[in-house]
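Please take a moment to look over the sequence and the model shown below. We will then walk through the structure together, one region at a time.

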Amino acid sequence: MSETARHPLQVKPPLLVKIAAPRGFCAGVDRAIEIVELSLHKYGAPVYVRHEIVHNKYVVDSLKEKGAVFVEELDEVPDGVPVVFSAHGVPKAVPHEAAERGLNYLDATCPLVSKVHRQAERQVEAGRHIIFIGHRGHPEVIGTFGQVAPGHMTLVETVDDVGTLQPDDESNLAFLTQTTLSVDDTAEIVVALRKRFPRIVGPKAEDICYATSNRQAAVKAMASSCDLVLVIGAPNSSNSLRLVEVAERHGTRSRLIQRAQEIELGWLDGVTTLGLTAGASAPEVLVREVIDLLSHRFDVIEETVRTVDERITFKLPRGLTEQADAA
Ligand code: SF4
């Protein structure tokens, strides 16, 4: 956001900034970042990380500065160095290959993604074909598909996709979902699946994680009272993109930004109430950065819109925990 010259006595216009809570880092992201940091501390640099540990450039750049090296595939990891798998999860073939090469690997897959992996295995063991609701090409989807042999899972992204399904045995179907989907869209797809395949089985509630649901609920609670909602997150962050959609569905313009500098002054024309949130992989420092930048131009009044308190934490993998306990 470029600043225009301002007379010293000129009064700044007021801007009410409603800040969603919860927002930003979830327990899975906290854990994944801690795994990389503890690995660097324990083994020293470099520690390799397969795929962005979480979808956030600020986080990735901070870890690079500490000695993490990010690669996309295991064959880019030299022998003899530790490698961490990202929070999104990996196909089974990846730890298998790492073990065959004798690599010291640490799995930062979010436990809630691992839970979906186990459900996939169980459904296939029970002889069911899985309809998986998710976004094609997302690393979590690739990882979950890689938990079972090819041919046991079919991806659907929309209600329309449900209409095109041609399963071999309609009486032996299960559905599972990606963890970072739109709560509302997924509910519609599940309704369509149950209508078309009344015997399909699935989890009691879809597998959208608590952090994704809570962040969407917080945006719903404030969006209609805002003129614009800014979402801090990366363009490849599924849960951040969903927050933009949620705001827009509530009739409010919304923009995804990675850093404060990306805010365009024109977006703020006529805005007196601004909503602000951050995806599950965006750190709080980026929220403060936005507030600071806005404060140069506006008399900012902050208001937190809290819908729920989050107290979830996940255990670290064994081997790193003694060190964390001792720290
Ligand atoms: Fe885990 Fe949800 Fe966070 Fe993804 S967004 S890392 S599934 S808690």
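**A walk through the model**

Let us begin with a pair of charged side chains: Glu 284 and Arg 23 meet in a salt bridge, with 2.8 Å from N to O. Keep in mind that this is a predicted model. The pair links distant parts of the chain, since Glu 284 sits in helix H10 (residues 284-297) and Arg 23 in the loop between S1 and H1, 261 residues apart. How exposed is Glu 284, in relative accessibility? Glu 284 has 34%, so it counts as partly exposed. Arg 23 is also partly exposed, because its relative accessible area is 21% and the buried class covers values under 20%.

As a general point, side chains of opposite charge can pair when their charged atoms come close. The structure holds 15 salt bridges, and a few others deserve a visit. Glu 310 forms a salt bridge with Arg 215, with the closest N and O atoms 2.8 Å apart. This pair, too, links distant parts of the chain: Glu 310 lies in the loop between strand S12 (299-306) and helix H11 (321-326), while Arg 215 belongs to helix H8, 95 residues away. Is Arg 215 buried or exposed? With a relative accessible area of 1%, Arg 215 is buried, whereas Glu 310, at 27%, is partly exposed.

Next, look at Asp 309 and Arg 311, which form a salt bridge whose closest N and O atoms are 3.7 Å apart. Asp 309 has a relative accessibility of 46% and therefore counts as partly exposed; Arg 311 reaches 70% and therefore counts as exposed. Together with Arg 306, Asp 309 and Arg 311 are linked in a network of salt bridges.

Now step back to the domains. The domain assignment gives domain 1 (14-25 + 210-306), domain 2 (27-110) and domain 3 (112-196). The centres of domain 1 and domain 3, taken over C-alpha atoms, are separated by 31 Å. Eleven residues from domain 1 and eleven residues from domain 3 take part in the contact.

How much area do domain 1 and domain 3 bury between them? The figure is about 800 Å², of which 44% is on carbon and sulfur atoms. Ser 238, Arg 242 and Arg 249 supply 43% of the area that domain 1 buries against domain 3, more than any other three residues.

Charged and polar pairs also cross this interface. Two salt bridges are counted between domain 1 and domain 3, and seven residue pairs are in polar contact across the interface. On the side of domain 1 that touches domain 3, helix H8 (210-223) and helix H9 (238-249) each supply at least two residues. By class, that side of domain 1 has one nonpolar, six polar and four charged residues.

Gln 216 has a relative accessibility of 1% and so counts as buried. Which residues is Gln 216 in contact with, leaving aside its neighbours within four places in sequence? They are Leu 181, Ser 182, Val 183, Arg 242, Leu 243 and Val 246.

Ala 98 counts as buried because its relative accessibility is 0%. Not counting residues up to four places away in sequence, Ala 98 touches Leu 74, Phe 85, Leu 103 and Tyr 105. Ala 98 and Asn 172 are 74 residues apart in sequence, and their C-alpha atoms are 34 Å apart in space.

Finally, a few spots in the backbone are worth a look. Most residues other than glycine have a negative phi, and most peptide bonds are trans. Here a cis peptide bond joins Ala 21 and Pro 22, with omega about 5°, and Pro 22 lies in the loop between strand S1 (14-21) and helix H1 (27-43). The peptide bond from Ala 45 to Pro 46 is also cis, with omega near 0°; Pro 46 lies in the loop between H1 and strand S2 (47-50). His 51 is not a glycine, yet has a positive phi of about 75°. His 51 is placed in the loop between S2 and helix H2 (57-66), and it counts as buried because its relative accessibility is 15%.

Technical notes. Residues numbered from 1 in each chain as written. Predicted model: local features only at pLDDT ≥ 70, side-chain atom pairs only at ≥ 80, totals over all residues. Heavy atoms only, no water. Domains from an automatic or database assignment. Contact = heavy atoms within 4.5 Å. Buried area = accessible area lost by both parts, 1.4 Å probe. Salt bridge = Lys/Arg side-chain N within 4 Å of Asp/Glu carboxyl O. Polar contact = N/O pair within 3.5 Å; in protein donor to acceptor, adjacent residues only side chain to side chain. Helix = DSSP H or I, 4+ residues; strand = E, 2+ residues; numbered from the N terminus. Nonpolar A, V, L, I, M, F, W, Y, C, P; charged D, E, K, R; others polar. Buried < 20%, exposed > 50% of the residue type's maximum accessible area, 1.4 Å probe, protein only.
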